[in-house]
Amino acid sequence: MFIKNYIKEVFGAVKSLWTGMRMTGYYFTHKKEVITEQYPDNRATLQLAERFRGEVVMPHDENNQHACTGCSACEIACPNATIKIINKFDILPDGKKKKAIDKFVYHLELCTMCGLCVEACPTSAIKMANTFEHSVYDRRQLTKTLNQPGSKIREGVE
Amino acid sequence: MISLEKIATLIDGWLHQHFNDVITLLIECVLVGVGAIALFALLGLGLVWMERKVAALMQIRMGPNRVGPKGIFQTSADTLKLIMKEGLTPDGADKLLFNLAPVLVIIVAMLILAPIAFAKNFQIWDINIGVLYVSAVSSMSVIGILMAGWSSGNKYALLGAMRSGAQIVSYELSAGISVLTIVVLTGSLQISEIVQSQQTGWWIFKGHIPAIIAFVIFIIAATAETNRAPFDLAEAESELTAGFHTEYSGMKFALFFLAEYINIFIVCAIGATLFLGGWMPLHIGNVQAFNHAMDYIPSSIWFLGKTLFLIFVIMWFRWTFPRLRVDQLLNLEWKYLLPISLVNLLVMTVIAILGWHL
């Protein structure tokens, strides 16, 4: 009985080691499996995953309109005060005041790319882009205003 | 055709024409020494590069590819960096032993080079107890490692050295017994005779299953004796920082690093000589055309090819298997490898006595 178990153990060990060696042997002989990206040599053809979180951007359509209502949900959701929304009040033709964003200030240098602001946004006005080359010589350049100058909120968002 | 044997005879003849016997011998000693050091340097650079490339491909990476084509000068650049670094000796260290240890390890590696047959009739020293000499001298390297660990005055270094001692002393047994398995077949300890006995076929083919078992055990024991993963308990980065060479830096560290790769080359050369026929070309029975084609490949290429293949296998182990714990390591040797190799030796002796081998 002991001898039987002993031999079984030896053969089991050899078999499992061989399974491992087959795997690494396969990778060794199949160079196409290599997953290293030759950055920056392949900058032109670089493929990034859809879910990669590089920075927060606010998409504008062709009429220079965005979907941000200035509700500040993102500002509240942000764990380290990366977003600061400065609102203004537009006077509508009928004399009413309407809240709108003046500046959507985004501090890239403080951002941890957690994506909570994107999840909090009720109108999908902001999203995560997958740009990642953020290096600059002056940190002031990292404080960005996301809404483009003269942009307005898109009709029918609210 | 140019062979290493012809070059050696040419140099020997030229020296004998111009100098008397004593001076010729001295010059030849110097030449052999320079050749050995050159071989060491080349092996160190080449094998480290090979290791990094093999590791990278097995881990689905690229490996070094910036310095020179395919990164072949990466290791030269690393060596240059190590040469220029400070070789620090700690205050609490035993200065003499600390500085002697890396040199001793290298000298031991150099000594084992002597009886290895690199090509047909190309051997530094063909002693009649070649295999015994190799196994005797190779166990000296543990003294170098213990010396390094003890003299560092560092608990990690000492622990690493102690582990290395336990490991090498244990695994030498099964390595020795698997070597004996082949010696039983050849009836000689002389390396040149062992190679000659494989003229009709390598022992791994001629010796049936016991030879294959002995080969596998030899490779496992060789991996353990050179302190390589999955048996790298002497270094054990995760628990002992770097084991016995924790306190070493610069060129002294480089010597330990070099000695590791030299030792791999040597154990693989021994394995290739005993089991895979050394410089003997691959011959299949009476297929004359095939045999002649194989003969055309120089013997040095055969030897180097077989050795490199075994080195690749050992690298393959390193980058596939998880590391063993100390108790598992000793279990493997004393409960599995040693009993199996003893029974294996017995079976092989029966085969040799009855003349069942081809």
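A crossing of two helices is left-handed if the near helix is turned anticlockwise from the far one by less than a right angle, and right-handed if clockwise. This is a predicted model, in which local features need pLDDT of at least 70, side-chain atom pairs count only at pLDDT 80 or more, and totals for chains, interfaces and linings use all residues. Residues are numbered from 1 along each chain as its sequence is written, while chains are lettered from A and ligands numbered from 1 in the order in which they are written.

**View 1. Packing of helices H7(B) and H10(B).** Helix H7 (residues 155-186) and helix H10 (residues 208-225) of chain B pack with their axes 8 Å apart, at an angle of about 150°. Helices (H or I, at least four residues) and strands (E, at least two) are DSSP runs, numbered from the N terminus. Axes are lines fitted to C-alpha atoms, for helices over the stretch in contact, and angles run from 0 to 180 degrees between N-to-C directions. H7(B) and H10(B) are therefore roughly antiparallel (under 35 degrees counts as roughly parallel, over 145 as roughly antiparallel, 65 to 115 as roughly perpendicular and the rest as oblique). Their crossing is left-handed. Residues of H7(B) in the contact include B:Tyr171 and B:Ile182, and those of H10(B) include B:Ile217 and B:Phe218 (contact: C-beta atoms, placed from the backbone, within 7 Å). The contact of H7(B) with H10(B) has 13 nonpolar, four polar and two charged residues. Ala, Val, Leu, Ile, Met, Phe, Trp, Tyr, Cys and Pro count as nonpolar, Asp, Glu, Lys and Arg as charged, and the others, Gly among them, as polar.

**View 2. Packing of helices H4(B) and H6(B).** The axes of H4 (residues 95-112) and H6 (residues 141-151) of chain B lie 8 Å apart, at an angle of about 165°. These helices, H4(B) and H6(B), are therefore roughly antiparallel, and their crossing is left-handed.

**View 3. The hairpin of E3(A) and E4(A).** Strands E3 (residues 83-91) and E4 (residues 97-107) of chain A run antiparallel and are joined by nine bridges (two strands pair if DSSP finds at least two bridges between them). A:Ile91 has A:Lys97 in E4(A) as its bridge partner. Five residues lie between the strands, and A:Gly95 in the turn has a positive phi of about 90°.

**View 4. The contact between chains A and B.** Chain B contributes eleven residues and chain A 13 residues. On the side of chain B that touches chain A, the largest share, three residues, comes from helix H2 (residues 21-58) of chain B.

Note on methods:
Contact = placed C-beta atoms within 7 Å.
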